[in-house]
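Trainee: Could we take a close look at just one part of this model? I'd like to go through it slowly with you.

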Amino acid sequence: MALELHGIGASRGISIGKSYLLVQDQPKVNKYTLAPPLLDREIQRYQAALAAAKNQLHSILEKIPESISTDITAFIHMRLLMLEDKAFTTAPIQIIQTECCNAEWALKLQGDILANAFNEMEDAYLRDRKSDVNHIINRILHILINPENFGYDYLTRQLKDCIVLANDLTLSEVILMQQQEIAGFVTEHGGHNSHLSILARSLGIPAIVGLQGAQHYIQDNELIIIDGEQGILLAGAQDLLIQKAQERKTAYQKRLIGLNKLRNQRAITLEGTTINLEANIELPEELPLVTQAGAEGIGLYRTEFLYINRTSLPDEEEQLEAYTRVIHALNGSPVTIRTIDLGADKTVDDHAISAPISTSSLGLRAIRLCLREPSIFRPQLRAILRASAHGPVRLLLPMICTLQEVKQTIVLLKECKQELKRQGLKYDPNLPIGAMIEIPSAAICADIFAQHLDFLSIGTNDLIQYTLAIDRIDNEVNYLYTPLHPAVLQLIYHTISAGEKRNISVSMCGEMAGDVHYTRLLLALGLRTFSMHPSSLLEVKQIIAKSNQQELSKVTQQILNCHEYSEIQILLEHLNKDLITQSLIS
């Protein structure tokens with residue numbers, strides 16, 4: 001009899017494969033007291049385990065192909081740096097000496113100290129860094145407990161076609177697993193719009209999150225089936241169920257292949273309205289996906305991924321090289337480069353930056369951080385300006401809250417332009433400047449911003465979170481996170497209308513733009529430029545080609561007059577009725 005478990009569908013797709021239970025909990029550790037003459041030998045045992053942990057990470061580095069993004073190897077280097085920190089090189093040894101205890105117990109106590117330090121931090125986004133610390137502690141503990149048979153490291157095991165089950169995963173871990181061609185993953189924590197889920201969709205990995213207790217019901221190396229759209233995990237399935245799952249998987253893959261015929265077609269509605277479809281990227285390595293999807297430009301280039309998982313900041317020349325690589329690949333299509341949005345979950349190593357980056361989504365981050373630290377901001381502005389000499393570039397400012405932030409940035413840009421002119425370096429003197437609308441106050445004041453900027457871009461991920469006062473990664477409240485709240489739709493409509501009034505472009509680059517369930521809703525609200533991960537672009541284009549803009553415009557006020565989420569949901573189902581019948585959306 002098959003076992004059926006339900007979680008939250010995070011990333012579409014059907015996967016059939018053997019389970020791999022990722023052991024993340026600390027092994028059981030017992031304390032025993034040592035006589036003083038034995039302490040030196042115990043310290044040596046700990047130091048040997050520490051050295052073994054470093055050797056294992058170096059071994060992993062050697063196995064990573066040169067073709068893999070440097071962002072992946074930087075993740076390993078970051079953990080190697082942690083192993084050099086006094087929290088691991090000195091503190092456990094001091095505990096061994098003062099407590100006269102075994103190395104395992106000393107490391108456990110040190111782990112408790114570090115865990116308490118993380119728990120005192122107010123923002124849950126730090127779990128990625130906390131997970132890195134836990135990984136290191138568990139690695140050393142396993143070596144200490146069983147040095148001859150270290151089986152903890154998932155990076156040394158072949159995970160191709162496996163479905164990983166874990167308590168939680170860091171973004172870096174998922175990227176590394178994707179390089180090993182995992183078939184999918186299931187985590188006990190997370191929500192549909194957590195960064196983990198967004199990454200899974202970006203990488204095209206079927207995934208389920210928020211499936212609590214999964215590791216208690218599923219055995220390691222057991223054949224399981226996951227449906228990343230419905231959030232269903234099946235174990236113990238008989239041949240007939242496996243065959244049906246395989247048929248669904250094949251049908252889904254054929255559907256994706258069939259979408260390729262739309263690649264070179266413009267996104268045009270039934271009555272002839274042209275819609276611009278652009279792509280979001282984080283790294284230059286994603287450019288082949290942009291080309292395959294037939295995107296009309298880059299609507300969002302997240303540059304902060306040049307900064308994370310490294311021990312030093314990228315200089316002007318390194319940034320210029322990355323930007324021009326993207327520009328040249330686009331062959332004249334526009335590239336929107338967002339200045340660094342560091343802070344909250346996107347942190348940098350302490351060795352790389354001395355600025356007080358906030359781990360709170362409401363703290364010193366993004367444009368606030370950049371304006372506070374011009375020594376970080378100026379090199380990026382100079383690099384973007386120089387890159388603009390190689391093709392059409394637009395400058396996008398994140399987390400804009402006040403007009404003063406826009407004016408301060410413009411002053412800095414003028415200074416950078418003057419410097420480049422004196423140095424004889426080329427740039428576009430008319431570089432367009434835009435702002436992300438992702439704070440409710442910014443959306444309300446969109447008309448004011450539109451008077452001073454060349455374009456606006458709606459970031460729905462944070463806009464929804466801030467409007468509804470909901471942490472989208474908090475399991476207790478993320479079920480309340482929805483783009484269909486009347487306040488959210490009013491803010492989106494108000495921003496689009498402000499752009500139309502001032503005759504400037506308004507795009508949307510949040511997750512909502514790439515969700516086919518909302519394509520017609522956004523068209524009805526007047527959106528004409530969508531930017532999304534390349535994997536979603538062709539499906540959105542297909543929906544647009546089957547939509548009538550004039551008919552959708554007739555229901556705009558009806559949408560805005562809805563007072564309840566349930567009313568909007570019913571209206572949305574009516575808008576998508578024919579699409580559901582044609583199985584274009586579920």
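Predicted model: local features only at pLDDT ≥ 70, side-chain atom pairs only at ≥ 80, totals over all residues.

Which residues of α19 are buried?

Mentor: The buried residues of α19 are P486, V488, L489, L491, I492, T495, I496, A498 and G499. To make sense of that list, here's a handy bit of background. An α-helix has 3.6 residues a turn, so residues three or four places apart point the same way.

Now for the helix as a whole. Helix α19 covers residues 486-502, and its 17 residues should span 24 Å at 1.5 Å a residue; the end C-alpha atoms are 24 Å apart, so the two agree.

Let's zoom in on T495, which belongs to helix α19. T495 counts as buried because its relative accessibility is 0%, and the cut-off for buried is under 20%. What does its side chain do in there? The T495 side chain reaches the backbone oxygen of L491, at 2.9 Å. If you set aside the neighbours within four places in sequence, T495 is in contact with I437, A443, A446, L456, I458 and V506. So that's your picture of T495: a buried residue in helix α19, with its side chain reaching back to L491.

How values were computed
Residues numbered from 1 in each chain as written. Heavy atoms only, no water. Helix = DSSP H or I, 4+ residues; strand = E, 2+ residues; numbered from the N terminus. Expected span 1.5 Å × (residues − 1). Buried < 20%, exposed > 50% of the residue type's maximum accessible area, 1.4 Å probe, protein only. Polar contact = N/O pair within 3.5 Å; in protein donor to acceptor, adjacent residues only side chain to side chain. Contact = heavy atoms within 4.5 Å.
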